[in-house]
Amino acid sequence: MNLTKQLQSYLPWNEQEKEDREEICRALALPDIFLRENRLAHMTASAWVANPAADRVLMVWHNIYHSWSWLGGHADGETDLLSVAVREVEEESGIGGVRPLSEDIFSLEILTVDGHEKRGLYVPSHLHLNVTYLLEADDTAAVTIKPDENSGVAWFTPEEAVAASTEPWFQERIYTKLNRKLAAWAAARE
């Protein structure tokens, strides 16, 4: 199923997701929305990575934001955002065999990105039109950092993951929501 159809069939969890879905659907009409060369907004994919028991989640210490955060990255022209999310998790954590727990969208967010330096160049403030997927990885597998992006990789309980973040908006609006959705998913699985 293509992204437009996935977005149209996605049932928003809350008002934030409803509003963000509408804006992301509008933005898909832009010819360069999957490329970071669109310096105002572009598509990204993130992952909420759980262990098989769904009682721990994977986070990385993000070098730009100086915070523990979820994993993910830019689409860079790729329209299969689930593949982007899996690839980014494997690259950022060093864990192989990451798998989707569903091919469906897990969460939607429009994220503001403050201007910052990356690889010696200034990147102006912009928006990430983000699609999040629920992935699973082995929490006993060895992890490695990706030095140009993160300086730590660790597993946390869902509550610890929220507390570990230094970004209040992400704590309140994103990670708490993802944990609630993970708990609902795990309860439905039993």
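1. A residue is called exposed when its relative accessible area is over 50%, and buried when that value is under 20%. His-66 comes out at 51%, so it counts as exposed. Keep in mind throughout that this is a predicted model.

2. While you're at His-66, look at the backbone: phi there is near 50°, a positive value in a residue that isn't glycine. The residue belongs to the loop that runs between strand E2 (57-62) and strand E3 (67-69).

3. You'll find Asp-76 in the loop between strand E4 (71-74) and helix H3 (81-93). With a relative accessibility of 45%, Asp-76 counts as partly exposed.

4. On to the charges. A search of the whole structure turns up 13 salt bridges. One of them joins the side chains of Glu-17 and Lys-181, at 3.2 Å from N to O. This pair ties together distant parts of the chain: Glu-17 sits in helix H2 (residues 15-27) and Lys-181 in helix H5 (residues 168-189), 164 residues apart.

5. Another bridge to check is Glu-136 with Arg-99, where the side chains meet at 2.9 Å, N to O. Here again distant parts of the chain are linked, with Glu-136 in strand E9 (residues 126-136) and Arg-99 in strand E5, 37 residues apart. Is each partner buried or exposed? Glu-136 is buried, with a relative accessible area of 11%, whereas Arg-99 is partly exposed at 42%.

6. Glu-149 and Lys-146 also form a salt bridge, their closest N and O atoms being 3.1 Å apart. Both values fall under the 20% cut-off for buried: Glu-149 has a relative accessibility of 18%, and Lys-146 has 19%.

7. Now the aromatics. The structure holds seven aromatic pairs. In one of these, the rings of Trp-169 and Phe-170 have centres 5.6 Å apart and planes at 80°; since planes over 60 degrees apart count as edge-to-face, that is what this pair is. Trp-169 is partly exposed at 40% relative accessibility, while Phe-170 is buried, with a relative accessible area of 13%.

8. Last, a look at the surface. Glu-78, Asp-80, Glu-103 and Asp-104 form a negative patch there. Among them, Glu-103 lies in the loop between strand E5 (99-100) and strand E6 (107-113). Glu-103 is exposed, with a relative accessible area of 59%.

Conventions:
Residues numbered from 1 in each chain as written. Predicted model: local features only at pLDDT ≥ 70, side-chain atom pairs only at ≥ 80, totals over all residues. Heavy atoms only, no water. Patch = residues over 30% accessible without salt bridge, like charges linked within 9 Å, V, L, I, M, F, W, Y side chains within 5 Å. Areas by Shrake-Rupley, 256 points an atom, 1.4 Å probe, with all protein chains shown as cover. Salt bridge = Lys/Arg side-chain N within 4 Å of Asp/Glu carboxyl O. Lys, Arg positive; Asp, Glu negative; His and termini not counted. Charge placed at Lys NZ, Arg CZ, Asp CG, Glu CD. Helix = DSSP H or I, 4+ residues; strand = E, 2+ residues; numbered from the N terminus. Buried < 20%, exposed > 50% of the residue type's maximum accessible area, 1.4 Å probe, protein only. Phe/Tyr/Trp six-rings, centres within 6.5 Å; stacked < 30°, edge-to-face > 60°.
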